[in-house]
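I opened the model to look up a few things for my notes. The entries below follow the order in which I checked them.

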Amino acid sequence: MLCKAASRYINGAKRKFTFEIFTLRISPAKSYISSNLDEELSLDEYLGNKLTEKGISKSQAIKNSNLDRTYGYEIFKGQKVIGREKLIALCIGIGLNLTETQRALTIGKQKILYAKDARDSIIIFSINNNYSIMETNELLFEENFEPIK
């Protein structure tokens, strides 16, 4: 059996060791998070960056999304507050992957896609398989869900 002084020393060293491991593990996560945060971006800036990244024009993205042309341009100018359905359609039209779509929904202050929701899971499937908005709507219709409007 250890004396109290030895016990305190061991427990103190153990705490210090655990804290050092925690610090070493959390540091890379903090730097990754801070370098990838788009909190300061507005939705129109985020979507504009994604258009540039994907090499697609605004007109092509709007056409691919089946959105009204004027409405689409107003979204890209930041003049319109976009709803969840239209934002999902626009993300599909731009060709965003699931992570980018979820990020756009978060920046747009909309509910992210939730895999346990049957309709959302079909949309997630469509995004993961690069379906167009028409193919996604057909799949939703086949499963008796409202299409993305």
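**Salt bridges**

I counted 7 salt bridges. My rule was a side-chain nitrogen of Lys or Arg within 4 Å of a carboxyl oxygen of Asp or Glu. The model is predicted, so I noted the limits: local features need pLDDT of at least 70, side-chain atom pairs count only at pLDDT 80 or more, and totals for chains, interfaces and linings use all residues. Residues are numbered from 1 along each chain as its sequence is written, and side-chain values use heavy atoms, with hydrogens and water left out.

I looked up E100 and K54 to begin with. Their side chains form a salt bridge, at 3.2 Å from N to O. E100 sits in helix 6 and K54 in helix 2, so this pair ties together parts that are 46 residues apart in sequence. Helices here are DSSP runs (H or I, at least four residues), numbered from the N terminus.

I then checked burial at both ends. Buried means under 20% relative accessible area, exposed over 50%, and partly exposed in between, with a 1.4 Å probe and protein chains only. E100 is buried at 10% relative accessibility. K54 is partly exposed at 36%.

The next pair was E85 and R119. Their closest N and O atoms are 2.8 Å apart. E85 belongs to helix 5 and R119 to helix 7, so the bridge ties together parts 34 residues apart in sequence. R119 is buried, with a relative accessible area of 14%. E85 is partly exposed at 24%.

I also logged E146 with K149. This salt bridge has its closest N and O atoms 3.1 Å apart. Are its two residues buried or exposed? Both E146 and K149 are exposed.

**The network and K50**

Which residues join E100 in a network of salt bridges? I found K50, E53 and K54 linked with E100. K50 is in helix 2. K50 counts as buried, at 11% relative accessibility. I listed the contacts of K50, meaning heavy atoms within 4.5 Å. Leaving out residues up to four places away in sequence, K50 touches I94, L96 and E100.

**Helix 2 against helix 6**

Two packed helices are described by the angle between their axes and the distance between the axes. I looked up both values for this pair. The axes of helix 2 and helix 6 come within 9 Å and cross at roughly 160 degrees. Axes are lines fitted to C-alpha atoms, for helices over the stretch in contact, and angles run from 0 to 180 degrees between N-to-C directions. The two helices are therefore roughly antiparallel, a label for angles over 145 degrees; under 35 is roughly parallel, 65 to 115 roughly perpendicular and the rest oblique.

Helix 2 passes helix 6 in a left-handed crossing. That label applies if the near helix is turned anticlockwise from the far one by less than a right angle; clockwise is right-handed. Helix 2 makes the contact with L43, Y46, L47, K50, E53 and K54, and helix 6 with E100, R103, A104 and I107.

F76 is in helix 4. Its relative accessible area is 6%, so F76 is buried. Beyond four places in sequence, F76 touches D44, L47, L51, K58, A61, I62, L90 and I94. I also checked F76 against E45: they are 31 residues apart in sequence and 7.8 Å apart in space, C-alpha to C-alpha.

**Positive phi**

Most residues other than glycine have a negative phi, and most peptide bonds are trans. I logged two residues with a positive value. N66 has a phi near 60 degrees. N66 lies in the loop between helix 3 and helix 4, and is partly exposed at 48% relative accessibility. N144 has a phi of about 65 degrees. N144 lies in the segment after helix 8, and is exposed at 70%.
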